[in-house]
Structure formats: structure tokens, C-alpha cells
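Subject: Structure handover

Hello,

Here is the structure I said I would pass on. My notes on what was found in it come after it.

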Amino acid sequence: WLVFRERSDLPEDLVFYENYLGQRDATFTLNFSTGASMVLAQYYNFVRYGYEGYRVIMETMQANARALAHKIVAGGDFELVGDADAEQLPLVAFKLAEERNFDEFDVAVQLAAERGWMVPAYTLPPNAQHVTIMRALVKQTLGHSRVSTLADDIAQAVETLSKKGGLHEADRRRVKTGVGY
């Protein structure tokens, strides 16, 4: 951990600004200042699982990501960013398929509020910041039944927002941002 007494003590060139859940968020990391415990834990996993074990884990996560991608687009509310069937990271990036009275940030908030899912929304980097996407990282613990639950919950969030509309601007301003949130 690195703690600064005052915001002014944090050098600005260490700060990275990103759009997270509809608000500008500042974050920073020091990649060289990590303790050894995670290295030891990873070494243990390498020994425990071996190449074959990690291959099975990655293939399972990729299969679950493909299943999630197909379920998300099956409802017709979203389109994928990328190819769901390509060999890739176990990650699903998607965006609303058409203009609505709400956006991806509203879907992210609705999912968190109704079902507790953290599926963040982002605008893309400069020169593409007009595009907003959502992304679901499929971890090893997100098995087949939870993939279906997540896809159903995303569809339910869209249905709810279709009836009530997106967040009121006052609610958007209340979203906490900054380091530590």
C-alpha cells in the first residue's frame, strides 16, 4: 500500500483517468511495488495445476465466455464488440444494439442495484470515446448456471430500464468516484 497525506503529494503523472460507471475516475498503480505473496501463490498454482491444468481452466473460462456472449445477444438488446467464437481472453464486451431512453451506464447501475453484479460500462479511449461498452470478465468461478443467471439478469435490467428510463441526472452526480471507491 502507498498512502499519501494529501492529494497534492500524488504526482499527476502517476494518475490515469478513465470513464467508469459514467463518471471520470482517477486511479494509479505502481506495478513495481508488489509484495512477493502473489508470486508465491502463483508459483504454487503452477506446480499444482501444471500446463494441462491451466489449459483446462482457460478453455473452460473461454467456453463460458462464449456461452455468455451468445446468451446476451440472443435477446436482441445487445451486440458484441468482437467475435464471440474467436479464441480470446475470457471476456465479453458488448453494447446496446439500438438507441434507448437509457444507456450502458444505466444498465450497469441497474444490474448492481437489483442483482449485485459488477458489470462495468466504459467509454472507449480517445478518438472512439463516443462508443460506450460494457464488459463481463468471466472468471473460473462463473460456471454454466451462473452464466445463464447473469444473462437473464442483464435482460431483466434492460426490461426494467425500458419501463422506467435511465438514471436521473441528479442520481448520476451522486455516483462516488476517485481513488478508493
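With a relative accessible area of 0%, Phe 94 is buried. Phe 94 sits in strand β4. Leaving aside residues up to four places away in sequence, Phe 94 touches Ile 72, Phe 78, Glu 79, Leu 80, Val 81, Val 119, Ile 133, Met 134, Arg 135, Ala 136 and Ile 154. One of these, Met 134, is 40 residues away along the chain, yet the C-alpha atoms of Phe 94 and Met 134 are separated by 5.4 Å.

**The chain as a whole**

The protein chain has 4 helices and 6 strands. Read from the N terminus, the order of elements is β-β-α-β-β-α-β-β-α-α. Of the 181 residues, 30% are buried. The accessible surface is about 12,000 Å², and carbon and sulfur atoms account for 55% of that surface. If you take the contacts between residues at least 6 apart in sequence, 59% of them join residues at least 24 apart.

The average pLDDT of the protein chain is 84, and 89% of the residues score at least 70. Confidence is highest in strand β3 (residues 78-80), with a mean of 95, and lowest in helix α4 (residues 169-173), with a mean of 71. Residues 177-181 have a pLDDT below 50, and this stretch makes 10 contacts in the model beyond near neighbours in sequence. Where pLDDT is low, predicted coordinates should not be read in detail.

**Helix α1**

How far apart are the end C-alpha atoms of helix α1? The helix covers residues 37-74, which is 38 residues, and a straight helix would reach 56 Å at 1.5 Å a residue; the ends of α1 are only 42 Å apart. There is a bend of about 90° in α1 at Gly 50. After α1 comes Gly 76, which has a positive phi, near 85°.

The buried residues of α1 are Gly 53, Ile 57, Met 61, Gln 62, Asn 64, Ala 65, Leu 68, Ala 69 and Ile 72. Their cover includes β3, β4 (91-96), β6 (132-137) and α3 (144-164).

Gln 62 lies in α1. Is Gln 62 buried or exposed? Its relative accessibility is 13%, and the cut-off for buried is under 20%, so Gln 62 counts as buried. Beyond residues up to four places away in sequence, Gln 62 touches Glu 87, Gln 88 and Pro 90.

Arg 66 is also placed in helix α1. The relative accessible area of Arg 66 is 21%, which makes this residue partly exposed. With residues up to four places away not counted, Arg 66 touches Ala 84, Asp 85, Ala 86 and Glu 87.

**Aromatic pairs**

How many aromatic pairs does the count give? It comes to 3. Phe 46 and Tyr 54 make up a tilted pair, at 5.4 Å centre to centre and with 55° between the planes. Phe 46 is partly exposed, at 49% relative accessibility, and Tyr 54 is partly exposed, at 21%.

Phe 78 and Phe 94 form another pair: the ring centres are 5.1 Å apart and the planes stand at 90°, so this pair is edge-to-face. Since Phe 78 belongs to strand β3 and Phe 94 to strand β4, the pair ties together parts that are 16 residues apart in sequence. Both Phe 78 and Phe 94 are buried.

Ring pairs also join Phe 46, Tyr 49 and Tyr 54 into a cluster.

Regards

How values were computed: Residues are numbered from 1 along each chain as its sequence is written. This is a predicted model: local features need pLDDT of at least 70, side-chain atom pairs count only at pLDDT 80 or more; totals for chains, interfaces and linings use all residues. Side-chain values use heavy atoms; hydrogens and water are left out. pLDDT is the predictor's confidence in each residue, from 0 to 100. Helices (H or I, at least four residues) and strands (E, at least two) are DSSP runs, numbered from the N terminus. Contact means heavy atoms within 4.5 Å. Buried means under 20% relative accessible area, exposed over 50%, partly exposed in between (1.4 Å probe, protein chains only). Accessible areas come from the Shrake-Rupley method with a 1.4 Å probe; for residues, only the protein chains shown count as cover. The expected span of a helix is 1.5 Å times one less than its number of residues. The bend at a residue is the angle between axes fitted to the seven residues ending there and the seven starting there. Rings of Phe, Tyr and Trp (its six-membered ring) pair if their centres lie within 6.5 Å; planes under 30 degrees apart count as stacked, over 60 as edge-to-face and the rest as tilted.
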